[in-house]
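Open your viewer and get ready to select residues by number. Each stop below says what to pick next and what is there.

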Amino acid sequence: MSLSLCMIVKNEEDTIAGCIRSVRDLADEIVVVDTGSRDRTVASAESLGAVIYEYEWNDSFADARNFALSKATMDWILVMDADDELEREDKE
């Protein structure tokens with residue numbers, strides 16, 4: 001089973017690293033869709049192996065989410081917000 005992590009982010013430099021680290025050993029790819037960050041969100045995600053896509057925000061979470069999902073290439077997709085972290089005991 002292969003797994004893509006998909007995230008939509010904007011100005012999440014304080015939380016994105018924790019999120020990615022919590023699933024990095026499970027995800028075969030990390031897809032991050034940035035909707036206009038002005039901080040170090042993109043650099044932080046890239047440093048942890050994420051593939052970054054820019055998306056012009058159009059006030060539709062559904063559109064942004066569908067764009068992110070369209071970039072995933074693995075069998076399964078895990079959707080998380082940048083302030084989420086997968087608990088160690090939940091990985092099984």
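**Stop 1: strand β2**

Start with V31, which sits in strand β2, residues 29–34. Keep in mind that this is a predicted model. Is V31 buried or exposed? Its relative accessibility is 1%, under the 20% cut-off, so V31 counts as buried.

How far apart in space are V31 and V51, C-alpha to C-alpha? The distance is 5.2 Å, although 20 residues separate V31 from V51 in sequence.

**Stop 2: the largest pocket**

Next, select I8, V9, K10, E12, T35, W57, F61, R65, D81, A82 and D83. Together these residues line the largest pocket. Which elements give two or more residues to this lining? They are β1 (3–9) and α3 (61–71).

How much space lies in the largest pocket? The value is about 180 Å³.

You will find five nonpolar residues, five charged ones and one polar one.

**Stop 3**

Now turn to the backbone. Most residues other than glycine have a negative phi.

Select N11 first. Where is N11 found? N11 lies in the loop between β1 and α1 (16–23). The relative accessibility of N11 is 38%, so N11 counts as partly exposed.

Then select D59. This residue belongs to the loop between β3 (51–54) and α3. Is D59 buried or exposed? With 69% relative accessibility, which is over the 50% cut-off, D59 counts as exposed.

**Stop 3**

Zoom in on V79. It is part of strand β4, residues 76–79. The relative accessible area of V79 is 38%, so V79 is partly exposed.

Note on methods: Residues numbered from 1 in each chain as written. Predicted model: local features only at pLDDT ≥ 70, side-chain atom pairs only at ≥ 80, totals over all residues. Heavy atoms only, no water. 1 Å grid on protein atoms, 1.4 Å probe; cavity = no way out; pocket = protein on both sides within 12 Å on 5 of 7 lines; lining within 4 Å. Points joined across faces, edges and corners; volume = space filled by probe spheres on them. Helix = DSSP H or I, 4+ residues; strand = E, 2+ residues; numbered from the N terminus. Nonpolar A, V, L, I, M, F, W, Y, C, P; charged D, E, K, R; others polar. Buried < 20%, exposed > 50% of the residue type's maximum accessible area, 1.4 Å probe, protein only.
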